[in-house]
Structures are given as C-alpha cells and as structure tokens.
Amino acid sequence: MNPTVRRIVLVCLFAVQMVASAIAQEELFVSANFKNTALAAALQEWEKAYGLSFSFDDAAVQDKFVTCVFKKKPLAEALQTLLAGTGLDFETLDRRYVLLKWKPGRELPPDSGPPPMSLCGSILDGETGEPLPGAIAYIPNSPSGTAADEKGGFTLNGRFTQKDSLKISYLGYEVQTVAVADLLNKPCQSFSMKFAENLMPDIIIRDFATDMVQLGSDGSFHFKKDKIPTMPGWGEPDVMRILQLLPGIGSADETPARLNVRGGTPDQNLVLWEGIPIYHTGHFFGLYDAFNSYAVDEVDVWRGNFGATYGGRNSSVIDIRASDAPVEKIHWGAGMNLLSVQTFFEAPLFKKKYSLRVSNRRSYVDGLQSTAYQNFFNQAFQNGKIALQEVEKGGSVIWQPTVSFGDANLKLNWQGRRKGRHAISFYYSNDHLDYRFSRDDSTYYTETRDLIDAENVGLSWQHQADWSRNFHIRYKVAVSAFSNHYTLQYNDGDRERPFTYRWNTDNEMADFSAQFHHQWKVGKKHALAAGYQLSVQEAMIVYRDTNAVKQEAHIWSNDTARTGLHTLYAEYNFRPGDKLDLTFGLRENFFPTRSLHYPEPRLNVNWRPFYGKKGRLDGDGFLVKGSLGSYYQFVFQIIDYGDLGAGEPLWAVAGKDIPAQQLAQVTLGAAYETKSLLVDGEFYLKGSTNLTSLNLRVDKGFERPLAFNGESAAAGFDFLIRKRLPPYSVWLSYSLAGVRQQFPELNGGQPYPARHDIRHRLNWVNMLALNRWDFAANLALRSGSPYSRPRVVEASCPECTADSTSYALDFDQLNNLRLPGSVRVDVSATYKWSKKRSRGKAGLAIYNLLNRKNFLDKDFLLETPPLDEPQDSYQLQELGRLAARITPSFFVLVEW
C-alpha cells in the first residue's frame, strides 16, 4: 500500500484513540514519595511511572540522596523540588526528555573529564527536505543535549568521548543513532528523518504547536508564519487575510487591509510592524496585503481586550514581527505570483554577532494581462468613473489605468552587553495609480488624468534585556510617516498645455513614539509592569486647485493638527494559585496643550475552576475568561474617494474642535485547549462615543454632515474550534454580531445598522499535508450587509433652462435594506521540493471557485434629461458592487 494512503487509513481507523491520546499528552503532573532515596533511583522510578527520559553524567548524581513528598505537581515545579540542594539544574528539551546539568559555578573542573567537544548539523524531513524545528539531538547518559532551531540546525557542546553516540529524535519519526567518532572534526551534516510508519496514532500526533494559531493567556491569538501550510484562495501566507479566519474579524468590503474587528472601523486597529505604527496596511487600494509574508515571522492579535501596555486605538492590536533568531549562514530566495515579484536575503555580519534580514516586493506591469489583476481591479474601482468610462474605450478614446505597488523591509539585530538584545527595523510601502482618459477625434479634444501616490515609511529601534531573573526591560523608539497625494488634471481643448485645470488633495501623517517598559516579578503570586510612553502625531490635509488658463490658484483648506500625549501605565498581576489569574491595568494619558487627562482602567480575569482534575477531559485545559476596559483614540480616517470610487483614506488627528473617541468594552467567555484541540467562545459588548461622520462611506448623492458626536453599540458572540488529526487540520469559526450607529444629524437622529453590520459570518477551513503536498480549502459564508435605497424626489434646479425643478435622490432612511448573503469557496495546493543546496515551493490557488456573484454594496445612479430640456422624466439605475469572481493565482518561491 502507498505510504500516504496507509497513513490516511491509519488516522481514520484510530481517530477516537488519537483524540484521547492528544488529551493525554497535556502538561505532565508527577507525584513523589521519596525519603532519603538515591537520586538515581528516584529518577529511574519517575521514568517508569511517567514515561520520562533523563540524561545525565553518572558522576553528577553519585552519592546524592533526596527527600520529598508531594502530589500532582507540574513537571518543572516537581524537578525544582527534587533537585533542591543537589547543585543540579535541569533543561526540558521536549515534554518528556530532560537533561540534568550542574548549576553555573558547580561544573566539574576542566581536568576531571574528557576535553570539550562540539557537534553540529541540520535535522530535516526525509521526504520533503523541510527543517524540523524542535527536534532533539542528545548524547545518552550525559548532560549534553539541545533542540533544533527554526531552520532545523543545532550545535551541541559538551564533554563526551568518541565512544559515545548521538541520538536524534522527533515525534512521529524513527530515532537516528550515529557514532560521535564519525562526526568529530567534520563539517556540519544533514540528518534526514524517516517517518515512523509502524507507530500507533498516539505517537504520530505531533505537538499542536505545529498548527498555525495558539490562544495566549492574555486573550490574544498567536500566529507563527512557518506553521501555516498554505492559504485557501490565496496560496501565499497573507497575514491580514489569515486574521479574517478568526471569529470577530472580517471585512465588509472583502479586503485584507480594511478589517472590521468586533463592530469597529478599520481606523480603530493598531497595526504594528516591528513596533512601527502602520497607516498604509494594504496594496492595490486595500485588496493586497502590504506585509511581505516572507519577512513576517510572528503575529499577535487582540480583538479588543488588550492590556495597558498598548493604547491609541480602540478595536484591536495587530502586532507583526520579523524573526529575532541569529542568522548562522547566508540564506536568500526569490519568488513571484501573478501580481508581483519578491526577494529576500539574510546573512550573519561581523563574525556572526549581527544578523541582517532584507526583503523586497514589487508589482510588474505584465500583471495587467492576468486574470487576478483584472478581477481585483474591477472589485476596487467598479461603479466609479474608471469602470463607467471603460465602455467608451476604442477608436478616438484612450482608457488607460495603471496600478503599481511595492514594499521593502530591513531588520538588523544583535546581542549587546549583559545579553541585551537590540534591533533596528525599516519599513517602506507605496501604491501608485495613473489613470488617463482622453477623447481626441481631431476636432474635439478632452483629457483627464487621475494620479494617486500613497506611501508609508517607518523606522524603529528596540532593546530588550534581563537585568535579573525577575526584572526585565523593553525599550522602543519608532517613527512612521504616511503620505497620500491625489491629483486630478483636466484639459479641455488645449493640446499645448499639460492641463487647463488641476485639483490636489494632500494628506500627510507623522507619528513619533518612545516607550520604556519595565517588568518585575515580585514573587510567586505577584508581578508588576510599568512604563512611560510619549506619542506625538501630526496630520496635515490640504485641498487646493490651479487654473492654468486664468492663472489662478486657490488653497481651499489647509488643516494641520498635532497631538502630544504623555502616558504612564501600569499593570499588576495577581496569581494566588493555579486556578486564578487577575491583571489590573491603568493607562493615564495627559494632553498638555489642552490640560486634559484620559484615564483608561482595564481588568482581565482568567479562572481555571477544574485545574488539577484529571479524567476523560483534562481539567487544566478549561478556562473561564473575562475582561473590561476603557480606551481612547486620537486619530481617525476620512473616507473621501470622490467619483473614482476607490482610493486611500485620509488620516486626521483629534484637536481643539475634534474630541478623542472613547470606547468601553466588556467580554466574557470560556475556552478548552489541548495539544490537538481548541474550543473558544466569547461574548462581547462595546460602546463608542465621539465618532465622526467623516469616517462613513456614503452613497453618491448623499450630503454628509460634518459631525463628531456619533455613537455606536456592538454586541456579539465569537466561536472557534480547531482540531488537528495529522495529516489533516480543520478550523471552524463563527461570529454572531450586531452593530448600530447613531448621529443626531443622520437618519432623523434614530439609530441605524452600520455598513459593516454583518450578522452572521462562518469560515470552515480544511488543511491536508501529504508528503510534498499541502492542500487547503475554505467555505466562507456571511449574511448580507446593509445598504441604503433612496427615494427620488423633486428638487429645485437653478441650472435648468427649460424647467425650474428636476429630480434628486433622498436618503431619508439609512441602511434600510440588506444585500443577499454570500457564499465563497476558496482552494489551493502547494508542492514543496528540496535539493542539496536549495529548496522551494510552487502553488496554485483559486479564489471564489464556484464563480458566484457576491454583492458587497449597491450604488444608485439617477439619470435626468439634459439641463436645456424639459425635466419630465428620470431613470434610476441600480449598480451592484460585486466581490471578485473566480480568480486563479499561481506562485513560486525558491530558496538557497
């Protein structure tokens, strides 16, 4: 039987046993009843009773006796109790393999044993060539052992002899044994691990840390990029799209850049790259992730219940980081998809004391011909003038839109004095639109040109250090600069001029922040964290025009506002036992120019009522959680795309006449987690005040008032279940939510459903890894979002020459109807290969496999007779805005 087929059959036959064994592989608790017992005998008893494996130098345990009596202590705590007073310490390489070592200063003298030796190598999957991070390399009966790093590499230093053997193990693979004599004084070797076909399912199960999401103790979700096999519908591990697989996180317009988190708006998300606040989060005007997936290492996301360390946004924190691991050798790669090409490079510098990582990505013009480009372009600009004017192209009409984008990342990290860790990071991203429309039939000439240039540049310095075992610091200084420039050039009949009229909208946002964070573990039950943060933000918005014929120029608006916030924050963590974990936090923001204080108290509670109780279900994995908090936000977006129908939002800051937005949130939920299973459910209730109407995306013909007194209320329930049955993983997320907004100037002052009020959302993700192949499929369901259907009313028409009145649209009720629900199936397949000096992967992904028409919004276009004709009729045209139809995408990546 084919090995792959045999593996699948094995998994299916013993699915129930796999679940039970996965639960059994939780954190190990041990008991002891030793009275003046030889340490070697005590260790041997634990090996038999709990399946542990201890490795140590015989001389280290000789003539040592222990006395300790306890029940059901976690393994780490039990080892500390057992080894107290022996001069020995321990290191756990995996759940059940433990090294015993001398404590620092208690080692054997140099002449009391064999000379120090060193071994090194890489541990790889024998079929795919992929590294096996966490694999164990050790010398039996010695304190020498280590775990492989993220690239499968290891270096083993110790006092062993040529008669010793090196053992390499990894769950689900056969153990390799190699003579040390065959490895000494030789270059680092590669060890290819063979899958253990004869193992029972409980051994086949690997630690669920290999799955792509973990639940943090602080309520966050943690993603590890290299754990993500493939993305359904997209292929490459797109960070912002991955987040939408979590309950409570979605996008009303199906873009990765404009996320709505638990009823919030996109500008209420704090997005950080290496500590740099990012204001430009999506390429292709929101449809493409602005973060190069090959530069990303880890992502932490909080859906609103974040602690006092973070501030400045109300809905969520998305903290994206590059790798901090030391670079041992030069590693580089290149890849491409149907929209862009990318490269990345990493190398050790200055005798491996520094690590440099660089990545770059750029779109290419040939993408204009790809289906992916055309489909996403249509989704972004449909119902705007670009799409409406396309029907006129040909003959004397030139219709020429071009979109390009790019980004670059750099990180230099090193270790300084006292094991302090430093990092300097750089971020850059840009988007460009050049749309030219002209009509020239030799007698009549007209041309318009729309230009958009948006970019974000950022730089950060970060420092972390452990001043003692109980005192840690984390310092950060970051600067971010965002710019967004829109230009409309119009030329009517003058071929000699580049334009006769020009309109400019310029927006710039500068952000400087410095944070000094300190963490102190006071005792077993108490921990403190405190810090200071300085935040300075300045936004400029300028509207101006130029008339080249009349030689006139006007600045219609020039607004510049600045905020300078001084913030003190503190968190106190109280953990009286293993069942209860309380964290009290407070941020105190001070606005000196206005002498205003903005306090933000926060509370987070974790309770494990069944901790220590064992049975068919592990009581330690059950958690009841809750939080409440207050949040302030001092920046916001202005949505003003004009007749283009798409673009980049403008950023502004709170000032003298614009109050800071305030939010209060309460959450209550429960979770159950094992190595192979996570079930998480959480209710939330949140209310916001001081919202601005400028952030609303409104319909054509709707007069938007200038208001900063809006309110919103959101309530919902988020549910997530993910299960791993190697080689298969399943993920099911569901959100039930409601969001209502209220402005005195809108909808007669009555509450109305927000545009992103999507009541039901479900994602069913399936992932399968078979040898060199990774397959993924996702079924995405969501109910329809609200939209406003206007009435046609008579209105005065001063410009009309044949009548005094005409027709206009009246939006007397906002979001009074709902679009039909949407169904989307996305699939992808990735093939991986490995050679002696290179490896790579290639994949095909299909977005919207069923090619369904999924509505995102509806626009209404009122057509009336020309102004010099009687206004006796009208036609109301309904324009549906659709998500992208079936869209194939291909990508390839090669590394050396």
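**Exercise 1.** State which residues of H3 and H5 meet, and classify the contact.

*Solution.* Leu39, Ala42, Leu43 and Trp46 in H3 meet Ala78, Leu79, Leu82 and Leu83 in H5, where contact means heavy atoms within 4.5 Å. By class, this contact has eight nonpolar, no polar and no charged residues; Ala, Val, Leu, Ile, Met, Phe, Trp, Tyr, Cys and Pro count as nonpolar, Asp, Glu, Lys and Arg as charged, and the others, Gly among them, as polar.

The model is predicted: local features need pLDDT of at least 70, side-chain atom pairs count only at pLDDT 80 or more, and totals for chains, interfaces and linings use all residues. Residues are numbered from 1 along each chain as its sequence is written, and side-chain values use heavy atoms, with hydrogens and water left out.

**Exercise 2.** Describe how H3 and H5 are placed against each other.

*Solution.* The axes of H3 (residues 39–50) and H5 (residues 75–83) come within 12 Å and cross at roughly 160 degrees. H3 and H5 are therefore roughly antiparallel to each other (angles over 145 degrees). The crossing of H3 past H5 is right-handed.

**Exercise 3.** Give the strand order of the open sheet of four strands and find its edges.

*Solution.* The order is S8-S7-S10-S11, with antiparallel pairing; two strands pair if DSSP finds at least two bridges between them. S8 (145–147) and S11 (176–179) stand at the edges with a single partner strand each, so one side of each has no neighbour in the sheet. S7 (residues 136–138) and S10 (residues 165–169) run antiparallel and are joined by three bridges. Ala137 has Ile168 in S10 as its bridge partner.

Methods
Axes are lines fitted to C-alpha atoms, for helices over the stretch in contact, and angles run from 0 to 180 degrees between N-to-C directions. Helices (H or I, at least four residues) and strands (E, at least two) are DSSP runs, numbered from the N terminus. Angles under 35 degrees count as roughly parallel, over 145 as roughly antiparallel, 65 to 115 as roughly perpendicular and the rest as oblique. A crossing is left-handed if the near helix is turned anticlockwise from the far one by less than a right angle, and right-handed if clockwise.
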